[in-house]
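Here are my notes for you on this one. Have the structure open while you read, and look up each residue as it comes along.

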Amino acid sequence: MRNFVTSFGVLLLSCAVGCTHKPASSELFNETAVIPSGAPIQPLQWRVISSSIDAPHQTMSTLFGNDAAIDSARTAGHTAYPAGAVLAMVTWNQREDEHWFGGRIPKEFQSMEIVRVTAGADGKAVATYEELQGPSLQRVSAAGDARMDYILGQRASVMP
């Protein structure tokens with residue numbers, strides 16, 4: 001009985017000590033994955049339209065949208081984004097999640113592709129594409145029509 005009481009006391013003490021660990025802010029927030037502060041938009045404040053993983057390149061991407069883009073993407077029969085919609089495809093390198101076995105989370109920021117939809121002179125929606133790469137947000141001069149079409153063609157993920 002004495003061994004039981006001693007073992008039980010050690011167990012309670014272990015639980016009490018284990019529960020008092022206050023995680024550092026670096027454990028709560030993935031600081032390596034932040035979008036550089038000089039970005040023209042901060043899409044992490046928007047809602048998610050969809051996400052994807054490119055396993056061969058070990059990257060992950062999330063497509064964010066402003067309110068106009070979200071409202072359109074989540075409408076039944078969505079075919080095109082209206083003027084005022086802004087979409088941002090953010091891509092990160094991946095790393096293993098040390099808190100979840102088998103999980104992969106964003107590592108460092110790789111790129112942000114921005115698609116803006118505006119009203120053209122004839123009143124029809126016109127989309128423009130811009131790509132920013134790396135922590136310096138270097139503008140890529142490629143036209144990006146194929147990427148813009150890919151981003152505009154993403155269907156909204158089904159949310160419960």
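1. A term to start with: a residue is buried under 20% relative accessible area, exposed over 50%, and partly exposed in between (1.4 Å probe, protein chains only). Gln 58, at 47% relative accessibility, therefore counts as partly exposed. You'll find Gln 58 in the loop between β1 (47-54) and β2; helices (H or I, at least four residues) and strands (E, at least two) are DSSP runs, numbered from the N terminus.

2. Some housekeeping. This is a predicted model, where local features need pLDDT of at least 70, side-chain atom pairs count only at pLDDT 80 or more, and totals for chains, interfaces and linings use all residues. Residues are numbered from 1 along each chain as its sequence is written, and side-chain values use heavy atoms, with hydrogens and water left out.

3. Now the backbone. Most residues other than glycine have a negative phi. Gln 58 has a positive phi, near 55°. Leu 137 has a positive phi too, near 55°, and sits in the loop between β5 (125-133) and β6 (138-140). Is Leu 137 buried or exposed? Leu 137 is buried, with a relative accessible area of 13%.

4. On to the overall layout. The chain has four helices and six strands. Reading from the N terminus, the order is α-α-β-β-α-β-β-β-β-α. Of the 160 residues in the chain, 31% are buried.

5. Which residues of the largest nonpolar core touch the most other members? They are Ile 35, Ile 41, Val 90, Trp 92, Phe 109, Met 112 and Ile 114, out of 15 residues in that core. (A nonpolar core is a set of buried Ala, Val, Leu, Ile, Met, Phe, Trp, Tyr and Cys residues joined through side-chain atoms within 4.5 Å.) β2 (59-65), β3 (86-96) and β4 (104-119) each give two or more residues to this core, and the largest share, four residues, comes from β3. Apart from this core lies another, of 14 residues, including Ile 49, Ala 69, Ala 73 and Tyr 81.

6. Take a look at Val 90 and what surrounds it. Contact means heavy atoms within 4.5 Å. Setting aside neighbours within four places in sequence, Val 90 is in contact with Ile 35, Pro 43, Met 60, Ser 61, Thr 62, Phe 64, Phe 109, Ser 111 and Met 112. Across the chain, 49% of the contacts with a separation of 6 or more are between residues 24 or more positions apart.
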